[in-house]
Amino acid sequence: VVGYIGSMRKLEGLDIIIEAFPYMLQKLPNAKLLLVGCGDYIQNILEKAKQLKIESSVIYTGSVPQNDVAQYYSLIDIFFVTRSPNEKVNQIVTPLKPLEAMAMRKCLIVSDLPALKEFVTDNETGKILYNYNPFDLADLSVNLYKNKSMMQVIGRNAHAFVVNNFTWKNTISKYIPVYHSLATNKASK
């Protein structure tokens with residue numbers, strides 16, 4: 001199972017996922033694409049799945065309660081954050097969904113964007129899609145799936161990265177000196 005959980009918007013790179021999936025199915029005929037979330041672009045994706053004749057392998061849940069999201073992450077072997085490099089917002093805004101997937105020990109494939117490479121080191125905490133095209137995404141996915149031990153190592157490394165850098169305790173410890181400095185500077189004025 002490969003998939004995506006989040007907003008179903010054009011800028012999320014859903015087109016490349018749906019276009020890559022037929023090539024994945026050629027090598028992994030039992031694969032499923034799980035899409036969880038809602039948004040204004042999902043009808044385009046579902047229509048494209050019909051055109052590509054892959055709709056029977058695409059599972060779309062719609063929006064799910066926040067308390068159930070972890071159950072859907074648990075179903076996914078490879079998680080995509082293939083945001084379009086052509087969108088300016090994707091160049092600078094760091095989404096939270098990669099951190100959620102990493103915390104769940106998921107193998108992650110992300111676009112080659114600065115905002116995503118803050119979290120993902122290629123072959124260590126995820127895989128980076130350097131050439132933004134469906135063929136490369138399919139090859140990267142199939143190669144990962146065929147190397148389950150690598151997927152497990154990446155998942156463990158990703159989880160450790162999140163635990164070491166993004167727990168509340170770690171985050172607070174980084175901000176306490178900043179707030180202390182601001183308070184001290186304000187008091188001295």
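Predicted model: local features only at pLDDT ≥ 70, side-chain atom pairs only at ≥ 80, totals over all residues.
Which residues touch the most other members of the largest nonpolar core? The views below begin with that core.

View 1. Residues are numbered from 1 along each chain as its sequence is written, and side-chain values use heavy atoms, with hydrogens and water left out. Among the 33 residues of the largest nonpolar core, F21, M24 and L137 touch the most other members; such a core is a set of buried Ala, Val, Leu, Ile, Met, Phe, Trp, Tyr and Cys residues joined through side-chain atoms within 4.5 Å. Elements giving two or more residues to this core include α1 (14–27), β4 (78–81) and α7 (134–146), where helices (H or I, at least four residues) and strands (E, at least two) are DSSP runs numbered from the N terminus. The most comes from α1, with eight residues. Leaving aside residues up to four places away in sequence, M24 touches V2, F80, L137, A138, S141 and V142, contact meaning heavy atoms within 4.5 Å.

View 2. V36 lies in strand β2, and V36 counts as buried because its relative accessible area is 1% (buried is under 20%, exposed over 50% and partly exposed in between, with a 1.4 Å probe and protein chains only). Beyond residues up to four places away in sequence, the contacts of V36 include Y4, I5, T61 and Y72.

**View 3. Salt bridges.** Seven salt bridges are counted in the model, each a side-chain nitrogen of Lys or Arg within 4 Å of a carboxyl oxygen of Asp or Glu. In one of them R9 pairs with E12, their closest N and O atoms being 2.5 Å apart; R9 is partly exposed, at 34% relative accessible area, whereas E12 is buried, at 1%. Another joins K48 to E19, with the closest N and O atoms 2.8 Å apart, and this pair links distant parts of the chain, K48 being in helix α2 and E19 in helix α1, 29 residues apart.

**View 4. Two cysteines.** A search of the whole structure finds zero disulfides, a disulfide being a pair of cysteine sulfur atoms within 2.5 Å. C38 is partly exposed, at 45% relative accessibility, while C107 is buried, with a relative accessible area of 1%.
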